[in-house]
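Here is a friendly walk through one protein model, written for someone who likes to keep the structure open alongside the text. Please have the viewer ready before reading on.

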Amino acid sequence: MDLVLRPGRADDASECGRICFEAFSGIAREHGFPSDVPSAEEGAGMCGTLLNHPGFYSVVAELDGRVVGSNFLDERSPVTGVGPVTVDPATQNGGIGRRLMQDVMRRSAERQAPGIRLLQSGYHARSFALYAGLGFEFRETMACLQGQPIGGTVPGYGVRAATDADLAACNEVCRKVHGTDRGGEVADAIEMGTARVCEHDGRITGYATDLSFFAHAVGESTEDIRALIAAAPAFGGPGILVPARDTPLLQWCLRHGLKVKQLMSLMTIGFYNEPAGAYLPSILY
C-alpha cells in the first residue's frame with residue numbers, strides 16, 4: 001500500500017475531523033483522561049477552520065486513496081506551531097505520524113522559520129518519543145487548568161478589549177518576553193474580538209488573544225497574567241495552559257478554584273529564549 005502526502009483541502013474537514021476525534025479520544029481513554037476533542041463534529045469544525053485559514057499550512061496522508069491522517073502548521077508568526085497531528089487509529093504505529101511531522105518540518109525549513117514549537121499530552125509517551133526522536137527539545141511542563149471564571153481585578157492592572165492600535169505594543173511585549181512576536185495571531189484575535197490588553201502605569205504590559213486552549217497570553221509580570229485571567233468570562237475548550245514552574249501563578253489559580261486537568265510538555269526546535277516574563281502558551285505553543 002502506497003502512502004501519499006498532499007495539501008489539505010476544504011472538503012477534507014469532515015474526514016480529518018473524524019480521525020482527529022477518534023485518535024485523541026482513543027489515546028485519552030487509554031490513559032483515563034477526557035479527550036481534547038469531544039466529538040467528531042467539533043473535530044470537523046476545528047479542522048475546517050484550519051484548512052480554510054490562509055495562515056495555516058496543511059498536509060493530508062492518504063493510503064490507497066483513503067484519508068488516514070493530517071497535520072497542520074501555524075505560519076501566522078515568525079516561529080511556527082505544529083498541530084494537531086493525528087492518524088487514524090486503524091493505521092497507527094506504521095510511521096504515518098512521523099511522515100506527517102517530517103513534512104511540516106520540511107515546510108518550516110523551506111520558509112526559513114527560526115524555530116518550531118508544539119505541545120504534547122504528558123500521558124502520551126509515544127508522541128513524546130516521536131518528537132524527541134525528530135529533534136525536538138523538552139522545555140517545560142504546562143498545567144491545563146479549567147474551572148469557573150474567577151472574576152475580580154488585580155489592583156493597579158486594568159484589562160480592556162484590544163484594538164488595531166494596540167498591535168504594535170502587544171508585539172513589543174511579546175518580544176520582551178520571548179524574543180519574537182506573535183503578531184499574526186494577535187491581529188486575528190483583534191479582528192475576532194477576543195483579544196484583551198492589560199495596562200499598568202499608563203501603558204500596555206500584557207495581552208491575551210483569548211483565555212482558551214487555542215489562545216496565548218504574554219505579560220511583563222505574573223500580575224499582568226493574573227489580571228487577564230481574572231477578567232476572563234470563561235476558559236475556552238479544555239482550559240488554559242499555565243507553566244508549572246510559575247508557582248505563584250499556578251497556586252493563585254488553584255486558590256481561585258481552577259483544577260488541573262492534565263500536564264503537557266512544551267517542545268521546541270531552533271530559536272528559543274527562556275521567557276523573561278510571564279506567559280500562557282496556546283496548544284500550538
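What follows covers a cavity and its lining, the cysteines, the aromatic pairs, a helix, a loop glycine and some backbone angles.

## Before you start

This is a predicted model, in which local features need pLDDT of at least 70, side-chain atom pairs count only at pLDDT 80 or more, and totals for chains, interfaces and linings use all residues. Residues are numbered from 1 along each chain as its sequence is written, and side-chain values use heavy atoms, with hydrogens and water left out.

Rolling a probe the size of a water molecule over the atoms shows where empty space is left. Here a 1 Å grid is laid over the protein atoms alone, and a cavity is a set of points where a 1.4 Å probe fits but cannot get out; lining residues have an atom within 4 Å of a point. Grid points are joined across faces, edges and corners, and a volume is the space filled by probe spheres set on the points. The structure holds 1 cavity of 30 Å³ or more, and the largest cavity contains about 90 Å³ of space.

Which residues line the largest cavity? They are Arg-117, Cys-174, His-178, Thr-180, Arg-182, Leu-266, Tyr-272, Pro-275, Tyr-279, Pro-281 and Tyr-285. This lining divides into 7 nonpolar, 2 polar and 2 charged residues. For that division, Ala, Val, Leu, Ile, Met, Phe, Trp, Tyr, Cys and Pro count as nonpolar, Asp, Glu, Lys and Arg as charged, and the others, Gly among them, as polar.

Thr-180, one of the lining residues, sits in the loop between helix H5 (167–178) and helix H6 (183–192). Helices (H or I, at least four residues) and strands (E, at least two) are DSSP runs, numbered from the N terminus. With a relative accessible area of 10%, Thr-180 is buried; buried means under 20% relative accessible area, exposed over 50%, and partly exposed in between (1.4 Å probe, protein chains only). Leaving aside residues up to four places away in sequence, Thr-180 touches Pro-78, Val-79, Cys-174, Arg-175 and Phe-271, where contact means heavy atoms within 4.5 Å.

## Cysteines

How many disulfides are there? Taking a disulfide as a pair of cysteine sulfur atoms within 2.5 Å, the count comes to 0. For Cys-16, the closest cysteine sulfur is in Cys-47, 5.4 Å away, so it is too far for a bond. Cys-253 is in no disulfide either, and its nearest cysteine sulfur, that of Cys-144, is 11 Å away. Cys-16 counts as buried at 0% relative accessibility, and Cys-253 counts as buried at 0% too.

## Aromatic pairs

Rings of Phe, Tyr and Trp (its six-membered ring) pair if their centres lie within 6.5 Å; planes under 30 degrees apart count as stacked, over 60 as edge-to-face and the rest as tilted. The structure holds 3 aromatic pairs. Among them is the edge-to-face pair of Tyr-131 and Phe-136, at 6.2 Å centre to centre with 65 degrees between the planes. Both Tyr-131 and Phe-136 are buried.

The rings of Phe-213 and Phe-214 have centres 6.2 Å apart and planes at 85 degrees, so this pair is edge-to-face. Phe-213 is buried, with a relative accessible area of 4%, whereas Phe-214 is partly exposed at 44%.

Helix H7 (residues 222–231) is mostly covered, with 8 of its 10 residues buried. The buried residues include Ile-225, Leu-228 and Ile-229, along with Asp-224 and Arg-226.

Gly-277 belongs to the loop between strand E13 (259–270) and strand E14 (278–280), and is partly exposed, with a relative accessible area of 25%. Gly-277 and Glu-220 are 57 residues apart in sequence but 4.8 Å apart in space, C-alpha to C-alpha.

## Backbone angles

Most residues other than glycine have a negative phi, and most peptide bonds are trans. The peptide bond from Gly-83 to Pro-84 is cis, with omega near 0 degrees. Pro-84 lies in the loop between strand E4 (80–82) and strand E5 (86–87).

Gln-112 has a positive phi, near 55 degrees, and lies in the loop between helix H3 (96–110) and strand E6 (115–121). Gln-112 is exposed, with a relative accessible area of 70%. Asp-201 also has a positive phi, near 55 degrees, in the loop between strand E9 (196–200) and strand E10 (203–208). Asp-201 is exposed, with a relative accessible area of 70%.

Conventions. 1 Å grid on protein atoms, 1.4 Å probe; cavity = no way out; pocket = protein on both sides within 12 Å on 5 of 7 lines; lining within 4 Å.
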